[in-house]
Amino acid sequence: MALLQVNGLQKQFDKAQVLRGVSFTLEQGQVLAIIGSSGSGKTTLLRCLNFLETPDSGEILVGGKPASRQQFGLVFQNFNLFPQYTALENVALAPKLLKIGNKSDIQTRAENLLGQVGLADKLDAYPWQLSGGQQQRVAIARALAMQPEILCFDEPTSALDPELTDEVLRVIRGLKQKNHTMIVVTHEMAFAKCVADVVIYMADGVIEEMGTPEEVFDNPKSEKTRAFLTRRFDAE
Ligand SMILES: Nc1ncnc2c1ncn2[C@@H]1O[C@H](COP(=O)(O)OP(=O)(O)OP(=O)(O)O)[C@@H](O)[C@H]1O
Ligand SMILES: [Mg+2]
């Protein structure tokens with residue numbers, strides 16, 4: 001059985017139908033890349049998965065059962081770290097509040113996670129003392145601290161310079177090697193092509209096309225997908 005099943009998700013804001021019946025499945029350990037134009041509903045889909053929005057209809061199942069909030073983690077485009085806390089405190093905060101393990105376990109786990117994203121020497125740094133790429137890696141460690149089954153990223157590198165983008169993409173690639181299941185909304189077509197197992201192209205609130213990177217990038221079936229990809233690759 002697929003780890004994640006999304007069936008017929010719909011979401012409307014005011015009069016705008018933003019998600020118009022989105023359905024897909026994702027296997028444990030797979031990486032799903034979601035691409036699509038601005039306003040196509042990518043962020044709204046991630047926010048529904050992460051319980052930040054309530055869908056009007058449809059269902060989200062993890063392991064065949066209705067999903068719960070803690071099964072998903074979300075890394076935002078602009079990091080959203082707590083400015084008054086150090087890197088270590090940012091990572092340890094939610095597990096402490098939700099009492100996931102005892103204090104020293106949480107502390108050790110937070111240190112290990114920051115080590116895993118290459119920030120063992122920045123435990124006591126505040127967000128303003130870190131580069132954008134470093135802040136984003138703290139945000140990834142913070143999301144991992146809650147041990148989500150599915151980790152979601154909303155354009156994790158779009159606020160970063162190219163050199164800093166690479167270090168974040170390297171961390172995401174490392175997580176794939178560790179068999180983490182991930183959903184990445186991205187404008188980095190080259191990254192989607194080499195890291196994703198499955199690619200979804202969203203247009204106007206529906207999945208216009210879904211397949212392997214080879215299918216979607218090299219042999220798109222839909223005219224809309226083809227036009228989007230031509231625009232994207234021309235821009236790069
Ligand atoms: N809270 C909200 N209230 C009203 N409209 C919203 C809200 N959130 C999103 N929308 C609208 O829903 C549509 C889809 O937005 P969404 O943020 O999901 O797009 P996106 O695919 O993530 O775009 P981008 O690539 O620019 O990030 C947009 O038209 C947006 O204005
Ligand atoms: Mg968005």
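Mentor: An axis is a line fitted to C-alpha atoms, for a helix over the stretch in contact, and an angle runs from 0 to 180 degrees between N-to-C directions. The model is predicted, so that local features need pLDDT of at least 70 and side-chain atom pairs count only at pLDDT 80 or more, while totals for chains, interfaces and linings use all residues. Residues are numbered from 1 along each chain as its sequence is written, and chains are lettered from A and ligands numbered from 1 in the order in which they are written.

Trainee: At what angle do helix α2 and α3 pack?

Mentor: Helices (H or I, at least four residues) and strands (E, at least two) are DSSP runs, numbered from the N terminus. Helix α2 covers residues 87-97. The axes of α2 and α3 are 9 Å apart, and the packing angle is about 130 degrees.

Trainee: How far apart are the axes of helix α3 and helix α4?

Mentor: Helix α3 spans residues 103-116 and helix α4 spans residues 132-145. The two helices pack at an angle of about 140 degrees. Their axes are separated by 9 Å.

Trainee: Which residue of β7 is the bridge partner of Val 75?

Mentor: β6 and β7 run parallel and are joined by four bridges. In β7, the residue bridged to Val 75 is Phe 153.

Trainee: Is strand β8 largely enclosed or open, and how many of its residues are buried?

Mentor: A residue is buried if 20 or more other C-beta atoms, placed from the backbone, lie within 10 Å of its own, exposed if 12 or fewer, and partly exposed in between. Thr 181, Ile 183 and Val 185 point one way from β8, Met 182 and Val 184 point the other way, and all are buried. Strand β8 (residues 181-185) is therefore largely enclosed by the rest of the structure, the buried count being five of the five residues.

Trainee: Which residue of β8 does Ala 33 stand opposite?

Mentor: Strand β3 (residues 31-36) pairs with β8 in the parallel sense over four bridges. Within β8, the residue opposite Ala 33 is Val 184.

Trainee: Which residue of β8 is the bridge partner of Cys 152?

Mentor: Strand β7 (residues 150-154) runs parallel to β8, and five bridges join them. The partner of Cys 152 in β8 is Ile 183.

Trainee: Which residue in the hairpin of β9 and β10 takes a positive phi?

Mentor: Strand β9 (residues 198-203) pairs with β10 in the antiparallel sense over five bridges, and Val 199 stands opposite Gly 211 in β10. The hairpin has two residues between the strands. A positive phi near 50 degrees is taken by Asp 204.

Trainee: How far apart in space are Asp 197 and Gln 30?

Mentor: Asp 197 lies in the loop between α6 (189-195) and β9. Asp 197 is partly exposed, with 16 other C-beta atoms within 10 Å. Asp 197 and Gln 30 are 167 residues apart in sequence, yet from C-alpha to C-alpha they are separated by 5.9 Å.

Trainee: What is the order of the open sheet of four strands?

Mentor: Strand β1 (residues 4-13) runs antiparallel to β2, with eight bridges joining them; one of the pairs is Gln 12 with Gln 17 of β2. The sheet has antiparallel pairing, in the order β2-β1-β4-β5.

Trainee: Which element gives the largest share of the shell around ligand 1?

Mentor: A shell residue has its C-beta atom, placed from the backbone, within 6 Å of the molecule. Among those surrounding ligand 1 are Phe 13, Asp 14, Gly 41, Lys 42, Thr 43 and Thr 44. Two or more residues come from each of β2 (16-26) and α1 (42-49). The largest share, three residues, belongs to α1.

Trainee: How many residues of α1 are buried?

Mentor: The buried residues of α1 are Lys 42, Thr 44, Leu 45, Leu 46, Cys 48 and Leu 49. Helix α1 is mostly covered, with a buried count of six of its eight residues.

Note on methods
Pairing = 2+ DSSP bridges.
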